[in-house]
Number of protein chains: 2
Amino acid sequence: MPALRTTMAVGTESGSGGVAESAPSTPMSAMTTTPISARSVRWESDMPDIEEGGGGLERPLLRRRGTNTTSQMAIVGANVCPIESLDYELVENEVYKQDWRSRGKLQIFHYQILKWVLALLVGLIVGLIGFFNNIAVENIAGFKLLLTTNLMLQNRYKAAFLWFISCNAMLAAAAAALCAYFGPAAAGSGIPEVKAYLNGVDAPSILAPSTLFVKIVGSIFGVSAGFVLGKEGPMVHTGACVASFLGQGGSRKYGFTWNWLRYFKNDLDRRDLITCGAAAGVTAAFRAPVGGVLFALEEATSWWRSALLWRTFSTTAVAAMVLRSLIEYCRSGNCGLFGKGGLIMFDVSSQVTSYTTMDLAAVVLLAIVGGLLGALFNFLLNRILRVYSYINEKGAPYKIILTVVISLVTSCCSFGLPWLTACTPCPPELAASGHCPTIGRSGNFKNFRCPPGQYNAMASLFLNTNDDAIRNLFSGGTESEFGVPMLLAFFTAVYSLGLVTYGVAVPSGLFIPVILSGASFGRLLGKLLGALTGLDTGLFALLGAASFLGGTMRMTVSVCVILLELTNDLLLLPLIMLVLLVSKTVADCFNKGVYEQMVRMKGLPYLEAHAEPCMRSLVAGDVVSAPLIAFSSVESVGTVVDTLRRTGHNGFPVIEDAPFAPEPELCGLVLRSHLLVLLRAKTFTADRVKTGAAEVFRKLAPFDFAKPGSGKGLTVDDLDLTEEEMAMYVDLHPIANRSPYTVVENMSLAKAAVLFRQLGLRHMCVVPRTPGRPPVVGILTRHDFMPGYIRGLFPNVLRE
Amino acid sequence: MPALRTTMAVGTESGSGGVAESAPSTPMSAMTTTPISARSVRWESDMPDIEEGGGGLERPLLRRRGTNTTSQMAIVGANVCPIESLDYELVENEVYKQDWRSRGKLQIFHYQILKWVLALLVGLIVGLIGFFNNIAVENIAGFKLLLTTNLMLQNRYKAAFLWFISCNAMLAAAAAALCAYFGPAAAGSGIPEVKAYLNGVDAPSILAPSTLFVKIVGSIFGVSAGFVLGKEGPMVHTGACVASFLGQGGSRKYGFTWNWLRYFKNDLDRRDLITCGAAAGVTAAFRAPVGGVLFALEEATSWWRSALLWRTFSTTAVAAMVLRSLIEYCRSGNCGLFGKGGLIMFDVSSQVTSYTTMDLAAVVLLAIVGGLLGALFNFLLNRILRVYSYINEKGAPYKIILTVVISLVTSCCSFGLPWLTACTPCPPELAASGHCPTIGRSGNFKNFRCPPGQYNAMASLFLNTNDDAIRNLFSGGTESEFGVPMLLAFFTAVYSLGLVTYGVAVPSGLFIPVILSGASFGRLLGKLLGALTGLDTGLFALLGAASFLGGTMRMTVSVCVILLELTNDLLLLPLIMLVLLVSKTVADCFNKGVYEQMVRMKGLPYLEAHAEPCMRSLVAGDVVSAPLIAFSSVESVGTVVDTLRRTGHNGFPVIEDAPFAPEPELCGLVLRSHLLVLLRAKTFTADRVKTGAAEVFRKLAPFDFAKPGSGKGLTVDDLDLTEEEMAMYVDLHPIANRSPYTVVENMSLAKAAVLFRQLGLRHMCVVPRTPGRPPVVGILTRHDFMPGYIRGLFPNVLRE
């Protein structure tokens, strides 16, 4: 069976012990009609066909590389790596029951306390990291800009430009080098990866400590380098990494481990903690605790429950409080160049409490155009990422070169565009009070080569950190500060730079480019419609940002709440809501949200909440892989080891047969990880007899079977068995999950998919409908529900 | 089998066609060990035992009445009525497939548009109702208070008191009469009922149009009558009723129907719409759109998905905008006595941006005491409701008398307490500007018998609408307005009145009593700690309200956001969060949230998100009812009709047997409602042959099988079959759900419960583990997962 062997080869090649779920071989129904070779040819030949069929944007990047047709590999950051599934099923075997019985009140209390302490600790640490990030960025970028300005004040323009551009390039190169050599999984925003993890996709590098380190340092360098990118997306990833680090009890690789975290050694508790971490990340980025919770709920997680709402909220509350008190401390000037705070915080004040019909019409127009531009952004980003993936996959040096090139382009824009912009006279009242032009780092009115009493509007936006630029754009009561041509030029530049920057190999968030271009677009439109509406241009900028966020990310409630928390003005709510409703609806007509697009493009096997319509015409038995590999309830050690070596499967049905049952029946499901632990303990017998659980518990504690962190744990190669031992028998009863979830083979695939996703399963047994057949006819895994896989098996079904 | 017959008798007695799910008869395992009578005796005799076992507060009210031991009946409002389950499963039979195949792009578009139009319409209507409620209350209560004040100004104190008390009593009697005779389901807050409905519990009266009418009018009368109760809970119920009314396509009973709503004739779409309605209700009550969404998510629903977040948010946005624009219109004085708006809207301004450790300690103290008092409130409320239920069940006149008595007590308090309170001199600066004392209806400083230049603090709170009282308590910068003894008296009065008022038969929300007593408690504590902290007493009042809300309702995120939206000040967030975290944690040590308590007490079979630990020791086969009633795939009409008459079951497995299959196998599951439609169409054959789906579709359209609104639809008595027809056969293949969800009999009950709840099922087939037995051994329904039922079957398991 060639397909099987291919998959395994890929898994081995990457050398990380990441193993394939269930290799796609022959589906049962196909087996009865077409010979295997014929079908596999059909699968191969079908691929280009689909590409032409308009599915270009949906196609994952990996397909084109030809190394993988089974979606067992995916791109994490800028790194191709093997992926596994997480398993949220309660494995009800003897081990679990023993563990559960042995837990007293004290252990349960320990567990509860631990859950809360960890959640609050995540909030604390993420809050600290968020603060540290801001301090670092403000100081590095501040120093860079201060020196540039000083050189310009001395009329040493060339030196200023050289300092500026080389400083940016060096920072960019440093970020890219870190990313390329040390933590390729840290490239990009990280939100698609976190989203996939919370959907049940696991790759060791997604939340590894090295990723965490590169994400933090790389993000600081990247933002300081003046790129049009944000630290918000990376903060979400950072929060998730911190949570994962704590939840796994530290890192064995780097020598930090806490063994008292044993109750947390399961995917479910880790998932909850990582959800808290992601929410805390948003909070630390935007100082928006409610927005953080809603972001986690709306965008990040696939499973949610009421208890989690409460814990997530506590985490974000802690993060917000830490951040707030530290910033309070910095206000007194203890933090170097840290000025008003790198966290964007706006001062749009809405004197408006009533709007005319004309105002509403203007806002709707803004939302429609914002939605269109947002959808266009997603489309273009997709194209650009495809081009970049060719460059990035050539190797680390190419990644660095690409990053430096983009950095040079950005620097030229930042420095060149103000050069081309004419000076504007200061508003008389501000000039009198000495607020215009500003010479120092912050302030709305940058001097930049202008004579006294005048300022350069473009420099006020471009020669600044992105946060300050956004604050300038959003500021109210500054109707005449930015002219129409200048805003148009800035919008075009930022929109294009945002597109070309995202794909480079540095941690880069999308929030800031989208907010920045949205705000300039909104302000531009506000200026153009100025005569018709009474709304402030700063408010227009805010609404423009909302329309872009709705148009690209398609988040509604969370964006709305984040913007409210940033502006601290709830009276803006109706307008922001209206804009988001319209822009999302408009953009949804064209394509999917940017993160969903990216999840697909990266080849992450994301389970959608709704089954695709085509699945309704198929039944579970149609997609299940054959031949099924099952074990006897008391199996020879040799067979087990051999099977584990030969296949990459993670779950095996156990069949109770003679002499233990008169006719074969389903005993349960064993997991690879449990088998390995059992085999290493060597509780073997010479004859084929039941040893029972007691024998196992003499050598092993329930905790030995707990799931280690991702990428850790035993592999087959860790076993050291003699020839005699291989000929003995091992009793699988104690580790068999006695109540696996099952579906009947004629269950429609759509319903099976709903079941699989809702319960967060990794394996689902397919049982026969008619009597007189083996008790299990196959196992469904995440992979079997992927539209790409089904499309390969049944090209005609999807064409319907 | 006596148990079975009892259940049916109850169902018939109520005469509403509401039928029991699966009558609790003998569980399979018990059958093998104990004779039936012995077991049922054990069940009966066990009840008092459990009562003593500390489970008193958990026990549903219905148990004591002895009419029901099967939890097929529950209290809705003040009405005992039969309940059914909702079914969110995709019934994949031929009818469904035919329907799905026949839907073109246009139909799908129609459905999508309809979904959105309905959601927005719900927002619009609920916004309008919320506004109407406010106008009505403000005008009725305003007129009442104005006349009272005028009489007092003329020194006609007795007349004033008589007018006040009789006016209140009449309004109370009117509300109670409406509730008792016309819509008993409208009594109380309605939130427990909505919570239960969204969990899958259906009773025709929960969301009936009569309930809607009584809820609106009764709530207006009740609030105007000066009770210590709110209109917020009833608004949530109103919102859900409006959504249900629209989603069912109007009311057939009252002659409003829309037939173009055919795509909405299923439980899933109705559930989504009702979720939107509940959220819109909160929004209309508090003018808090984000809070509304979070309330629906945190407290109301049991199932949530990302798409719903977006739709709910749109609904609340519309409701908020409608409300805002209408209130804007009223500001110009077009709405009679409608003053600042009945919607509580506070003006706590937080000049404080930093807190000292002492401030935080004071706040934590407040939160702890608030949590304790909140838990005490829940405990006492539970006791009082038990007493009231004796009175209420005696009949409608008793309900009215109870209501009037409570009204008299409340009136005496409102009028008497200010009488006993000494006058306070006005603050000089306010007295000079003429703001103190106030003679008219609104304003902080009520004159009430005081000489000029003085005011009566108690009257400012008590002789006012509740909303105005809350506004007064929350107002900042009014340190000396209310004295400590006065606040203590007011707190005691409001706390007690809130407790005794909730159980009377009028629509009554809990938010206002809790906020009112919390605010007075907070202000009191603020006064006492005044020397130690620099926080404003108005802020203390707000935090006190938060601590009570956290202590009674145990909602966190939604309460926090609602309070933020009411105060429009996000800087308060960290303090409110801290208070909620502490008070909820403290209160959780003592009892459950007030709504959860009430759901249990009312006997509503609510499925918890987590399976009880005891369920881990049981397997699905243990609780399943026997004997199983199944149909052949082609069954005699007589047998079907007879079974439908004899049992109350709603789902029947269909077994494919000879001659259609060599050995019996599971064909699917048919629903009672589908069977009735099929039987009425009379597609019968004389011989036992398959007729196929085509025959059915000649007489029936897929839409004929759509689920009608709750309490509607065919019953067995609607069938009119001759003797010959009864002897014929009917082919059940076309209506059999070919892929019902199944579990193996040895699946642990805990896992089965998770499956059942997550997928929102009504029936789950239990299949045998060993070969050679019937293909289905039982059906699990909601009832089988109720702890009370399991406790009856296995008293020892729960004692563990």
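The contact between the two chains takes 52 residues from chain B and 52 residues from chain A, where two residues are in contact if their C-beta atoms, placed from the backbone, lie within 7 Å. The model is predicted: local features need pLDDT of at least 70, side-chain atom pairs count only at pLDDT 80 or more, and totals for chains, interfaces and linings use all residues. Residues are numbered from 1 along each chain as its sequence is written, and chains are lettered from A and ligands numbered from 1 in the order in which they are written.

On the side of chain B that touches chain A, α13(B) provides the largest share, ten residues. By class, this side has 29 nonpolar, eleven polar and twelve charged residues; Ala, Val, Leu, Ile, Met, Phe, Trp, Tyr, Cys and Pro count as nonpolar, Asp, Glu, Lys and Arg as charged, and the others, Gly among them, as polar. Because 100% of the interface residues of chain B are also interface residues in chain A, the copies meet through the same surface.

Chain B is superposed on chain A by a rotation of 180 degrees with 0.1 Å of shift along its axis (RMSD 0.1 Å), with least squares applied to the C-alpha atoms of residues with pLDDT of at least 70 in both. The two copies are thus related as by a two-fold rotation axis.

In chain B, three strands form an open sheet of mixed pairing in the order β17-β18-β19. Strands (E, at least two residues) and helices (H or I, at least four residues) are DSSP runs, numbered from the N terminus, and two strands pair if DSSP finds at least two bridges between them. β17 (742-744) and β19 (778-780) of chain B stand at the edges, each with a single partner strand, so one side of each is left without a neighbour in the sheet. Strand β18 (residues 764-767) of chain B runs antiparallel to β19(B), joined by three bridges; B:Cys765 has B:Ile779 as its bridge partner in β19(B).
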